[in-house]
Amino acid sequence: QAIVDERTFIARFGFDLPRRYRESLIRLKHTVDLTDREIRLLGFTSSLRLGAHGVQLAASRSLAVFGRAAIGILAFQMLYAWLLAAHSSSPAPILVLKLVGVAAMLAIMGWSIYQICVQPWLIQKRVRGLLRS
């Protein structure tokens, strides 16, 4: 249904492709067992390449490396926040609120970076491993 009806495809994956690429993407989905959520993520992060041979995965390895480095920096910032809190003279309730706020913000940033930068590369790596075997 998603191949034939463009609106169904858009509702299912959140982006649009011409019919021949829709066919190629659905074939790839079933061949390597991709989920709809993974395809939506790959489309959102522009990790799908449309070519003469259909749809191919095109996640950037350098972006994944950058994402992991950024997550590492966020982890050090989290550690630094904990160290500052341990040596602070602020009242405990205010300190806890500040620490929870900073921790939540860093965690959300880390999760977002992981989803946008790292996850597409991991999906592509898994798919290439399946296609080789």
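This is a predicted model: local features need pLDDT of at least 70, side-chain atom pairs count only at pLDDT 80 or more; totals for chains, interfaces and linings use all residues.
Asp33 is not a glycine. Asp33 sits in the loop between H2 and H3. With a relative accessibility of 63%, Asp33 is exposed. Ser46 also has a positive phi, of about 55°, and is likewise not a glycine. Ser46 belongs to the loop between H3 and E1. Its relative accessible area is 59%, so Ser46 counts as exposed.

H2 itself has 14 residues. From first C-alpha to last, H2 reaches 20 Å, close to the 20 Å expected at 1.5 Å a residue. Several H2 residues are buried, including Tyr21, Arg22, Leu25, Leu28 and Lys29. Ser24, Ile26 and Val32 of H2 are buried as well. The partners of these buried residues are H1, H3, strand E1 (48-51), E2 and H5.

The interior was examined next. Nonpolar side chains tend to be buried together in soluble globular proteins. Here, the largest nonpolar core has 19 residues. Phe9, Phe15, Leu17, Leu25, Leu34 and Leu48 have the most contacts inside this core. Two or more core residues come from each of helix H1 (6-13), helix H2 (19-32), helix H3 (36-44), strand E2 (54-57) and helix H5 (92-132). H2 gives the most, with five residues. Phe9 illustrates the packing. Leaving aside neighbours within four places in sequence, Phe9 is in contact with Ala2, Gly14, Phe15, Asp16, Leu17, Arg22 and Leu25.

Gln124 is located in helix H5. The relative accessible area of Gln124 is 2%, under the 20% limit, so Gln124 is buried. Not counting residues up to four places away in sequence, Gln124 touches Leu57, Ala58 and Ala59.

Charged pairs were considered separately. Side chains of opposite charge can pair when their charged atoms come close. Five salt bridges are found in the whole structure. One of them joins Arg12 and Asp36, with the closest N and O atoms 2.8 Å apart. Arg12 lies in helix H1 and Asp36 in helix H3, so this pair ties together parts that are 24 residues apart in sequence. Arg12 is partly exposed, with a relative accessible area of 28%. Asp36 is partly exposed too, at 22%.

Asp36 also forms a salt bridge with Lys29, where the closest N and O atoms are 3.2 Å apart. Lys29 is buried, with a relative accessible area of 11%.

Another salt bridge brings together the side chains of Arg126 and Glu38, at 2.8 Å from N to O. Arg126 is in helix H5 and Glu38 in helix H3, so the pair ties together parts that are 88 residues apart in sequence. Arg126 is partly exposed, with a relative accessible area of 34%. Glu38 counts as buried, at 14% relative accessibility.

The surface also carries nonpolar side chains. Phe76, Leu79 and Leu83 make a nonpolar surface patch of about 330 Å². Phe76 is placed in helix H4 (residues 61-86). The relative accessibility of Phe76 is 61%, over the 50% limit, so Phe76 counts as exposed.

Terms used: Residues are numbered from 1 along each chain as its sequence is written. Side-chain values use heavy atoms; hydrogens and water are left out. A nonpolar core is a set of buried Ala, Val, Leu, Ile, Met, Phe, Trp, Tyr and Cys residues joined through side-chain atoms within 4.5 Å. Buried means under 20% relative accessible area, exposed over 50%, partly exposed in between (1.4 Å probe, protein chains only). Helices (H or I, at least four residues) and strands (E, at least two) are DSSP runs, numbered from the N terminus. Contact means heavy atoms within 4.5 Å. Patches are made of residues with over 30% relative accessible area and no salt bridge: like charges are joined within 9 Å, nonpolar side chains (Val, Leu, Ile, Met, Phe, Trp, Tyr) within 5 Å. Accessible areas come from the Shrake-Rupley method with a 1.4 Å probe; for residues, only the protein chains shown count as cover. A salt bridge is a side-chain nitrogen of Lys or Arg within 4 Å of a carboxyl oxygen of Asp or Glu. The expected span of a helix is 1.5 Å times one less than its number of residues.
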